[in-house]
Amino acid sequence: MDKGLIVKKEWLDRILDKGKVWEMRTTPTKIRGVVGLIESGTGLIVGEVEIVDSISTPIQKTTKHLDKHHVYDLQLLDKWKFAWVLKNAKRYDKPIPYTHPKGAVIWVNLKKK
């Protein structure tokens, strides 16, 4: 696993425990494959997920896809317009510490150079 995705706890718990399969973001992503899930502000990789697609057309601000993105405040979809499609989310029994690089906000490179 080369990359870690930084996610706030609220959304991370929904991905790992409640079937959230769309991570809503402000831009699409080209990254595919298994990535670590990093709980924002903790310095811990708490699980992993596979990114299988990125919907590059802005998602409509409706309740149609609530079961996929779990964003109940639809106003947030004005900003978070793009869905990163996830599958095979897995929470680790024991979180893995990592060193957070200065300035990392969305992604962290996890492989040592």
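Analyst: Start with Lys 9 and Asp 13, which are four residues apart in helix H1 (residues 9-17) and so separated by about one helical turn. Helices (H or I, at least four residues) and strands (E, at least two) are DSSP runs, numbered from the N terminus. The model is predicted, so local features need pLDDT of at least 70 and side-chain atom pairs count only at pLDDT 80 or more, while totals for chains, interfaces and linings use all residues. Residues are numbered from 1 along each chain as its sequence is written, and side-chain values use heavy atoms, with hydrogens and water left out.

User: What joins the side chains of Lys 9 and Asp 13?

Analyst: The general idea is that side chains of opposite charge can pair when their charged atoms come close. The rule for a salt bridge is a side-chain nitrogen of Lys or Arg within 4 Å of a carboxyl oxygen of Asp or Glu. Lys 9 and Asp 13 form one, at 2.8 Å from N to O. Counted by this rule, there are eight salt bridges.

User: Which residues are linked with Lys 9 in a network of salt bridges?

Analyst: The network links Lys 9, Asp 13, Asp 17 and Arg 91. Arg 91 meets Asp 13 in a salt bridge of 3.0 Å, N to O. Arg 91 lies in strand S5 (residues 82-97) and Asp 13 in helix H1, so this pair ties together parts that are 78 residues apart in sequence. Arg 91 also forms a salt bridge with Asp 17, with the closest N and O atoms 2.7 Å apart. That pair links distant parts of the chain as well, with Arg 91 in strand S5 and Asp 17 in helix H1, 74 residues apart.

User: Is Arg 91 buried, exposed or partly exposed?

Analyst: Buried means under 20% relative accessible area, exposed means over 50%, and partly exposed is in between (1.4 Å probe, protein chains only). Arg 91 is partly exposed because its relative accessibility is 34%. Lys 9 is partly exposed at 44%, and Asp 17 is partly exposed at 48%.

User: What is the order of the strands in the sheet?

Analyst: Strands of a sheet pair through backbone hydrogen bonds, either parallel or antiparallel. Here two strands pair if DSSP finds at least two bridges between them. The six strands form an open sheet in the order S2-S5-S4-S3-S1-S6, with mixed pairing. Strand S2 (22-25) and strand S6 (107-109) are the edge strands, each pairing on one side only. From one strand to the next, the twist averages 40 degrees.

User: How many bridges join S1 to S3, and where does H1 sit?

Analyst: Strand S1 (residues 3-7) and strand S3 (residues 33-39) run parallel and are joined by four bridges. In this pairing, Ile 6 stands opposite Ile 38 in S3. H1 packs on the sheet and touches S1, S2, S3, strand S4 (44-55) and S5, where contact means heavy atoms within 4.5 Å. The direction of H1 makes about 90 degrees with that of S5. Axes are lines fitted to C-alpha atoms, for helices over the stretch in contact, and angles run from 0 to 180 degrees between N-to-C directions.

User: How many aromatic pairs are there?

Analyst: A pair of aromatic rings is described by the distance of the centres and the angle of the planes. Rings of Phe, Tyr and Trp (its six-membered ring) pair if their centres lie within 6.5 Å; planes under 30 degrees apart count as stacked, over 60 as edge-to-face and the rest as tilted. The count comes to two aromatic pairs. Trp 11 and Trp 80 have ring centres 5.6 Å apart and planes at 90 degrees, so this pair is edge-to-face. Trp 11 lies in helix H1 and Trp 80 in the loop between helix H2 (66-69) and S5, so parts 69 residues apart in sequence are tied together. Trp 11 is buried at 12% relative accessible area. Trp 84 and Trp 107 form a stacked pair, 5.6 Å centre to centre with 10 degrees between the planes. Trp 84 is in strand S5 and Trp 107 in strand S6, 23 residues apart in sequence.

User: Which charged end sits over the ring of Trp 84?

Analyst: A charge sits over a ring if NZ of Lys or CZ of Arg is within 6 Å of the ring centre and within 35 degrees of the ring normal. Arg 25 meets this over Trp 84, 5.3 Å from the ring centre. Trp 84 is buried, at 3% relative accessibility. Lys 68 lies over the face of Trp 22, 5.8 Å from the ring centre.
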